[in-house]
Amino acid sequence: MPNPVQHNSGSQSLFIPQPRPEQGLSCTDKAGTEAVTLGQDRGQRPLVGPSRLQSHQLTDEIDIVWLIPVDELDYVREGFDITKRRTGRPAYHGHGRLVGYANLRPDAVPTRDSGRYNRRTFWLLSHDRGEAPDTEYRTHAPLEAVDPRTVGPGQPGYLTERAWGKPLPPRHEQPPQKN
């Protein structure tokens, strides 16, 4: 058994688990790192959803505000930001440029631990497609990338061929397009 780690405030047992050789270190096809199946359409094809966010996390959203025209963008990065307010442009301290955000219902409940609100934000980094002419994302997209044309209030974004930059791998099926 390893020795306890020494801290400034005394001795405390802190054990850092080592990866098991049989588990490997790959994160491909693990929950949360790849798209998840949300259901099936009338043709019984599986619909592939977002790689990170799910509908139940977005129930308090009332609208999505885009700060730039989304028709010019192949993809945006989608994630949560913790804010003091339910609506209005959030103070964005992340990397890159804020391009959109979600407004929440007036009766949205803040998180129990911080008393603040989890709001969806959309951003681009300086090396993303649309920000730089020659980028490493010409023929693929980052993990949190979604096509902004598939985003709606309470509806997570989807990865499309346009967002990916080429035809999607065979296991990805096209989600229904937002009207």
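Modeller: The questions below set computed values against the cut-offs used, and the model is a predicted one.

Biologist: What makes the contact between Arg120 and Glu61 a salt bridge?

Modeller: The closest N and O atoms of Arg120 and Glu61 are 2.5 Å apart. The cut-off is 4 Å between a side-chain nitrogen of Lys or Arg and a carboxyl oxygen of Asp or Glu, so the pair qualifies.

Biologist: Which other salt bridge does Arg120 form?

Modeller: Arg120 also forms one with Glu78, where the closest N and O atoms are 2.7 Å apart. Because Glu78 belongs to strand S6 and Arg120 to strand S8, the pair joins parts 42 residues apart in sequence.

Biologist: Why is Arg120 called buried, and why Glu78?

Modeller: Buried means under 20% relative accessible area. Arg120 has 0% relative accessibility and therefore counts as buried. Glu78 has a relative accessible area of 3%, so Glu78 is buried as well.

Biologist: Why are Asp74 and Arg162 described as partly exposed?

Modeller: The label applies between the 20% and 50% limits. Asp74 has a relative accessible area of 24% and is therefore partly exposed; Arg162, at 40%, is so too. Asp74 and Arg162 form a salt bridge, with their closest N and O atoms 3.2 Å apart. Asp74 lies in the loop between S5 and S6, and Arg162 in helix H1, so the pair ties together parts 88 residues apart in sequence.

Biologist: How do you know that Arg119 has no salt bridge?

Modeller: The nearest side chain of opposite charge, Asp63, is 7.6 Å away. A salt bridge requires 4 Å or less, so Arg119 has none, although this residue is buried. A polar atom of the Arg119 side chain does lie 3.4 Å from the backbone oxygen of Arg86. The limit for a polar contact is 3.5 Å, so this distance falls within it.

Biologist: What makes S7 a paired strand on both counts, with S5 and with S8?

Modeller: Pairing needs at least two bridges between two strands. S5 and S7 have five, in the antiparallel sense, and S7 and S8 have four, also antiparallel. Ile64 stands opposite Ala102 in S7, while Tyr101 has Thr121 in S8 as its bridge partner.

Biologist: Why is S7 described as mostly covered?

Modeller: Seven of the eight residues in S7 are buried.

How values were computed. Residues numbered from 1 in each chain as written. Predicted model: local features only at pLDDT ≥ 70, side-chain atom pairs only at ≥ 80, totals over all residues. Heavy atoms only, no water. Buried < 20%, exposed > 50% of the residue type's maximum accessible area, 1.4 Å probe, protein only. Lys, Arg positive; Asp, Glu negative; His and termini not counted. Polar contact = N/O pair within 3.5 Å; in protein donor to acceptor, adjacent residues only side chain to side chain. Helix = DSSP H or I, 4+ residues; strand = E, 2+ residues; numbered from the N terminus.
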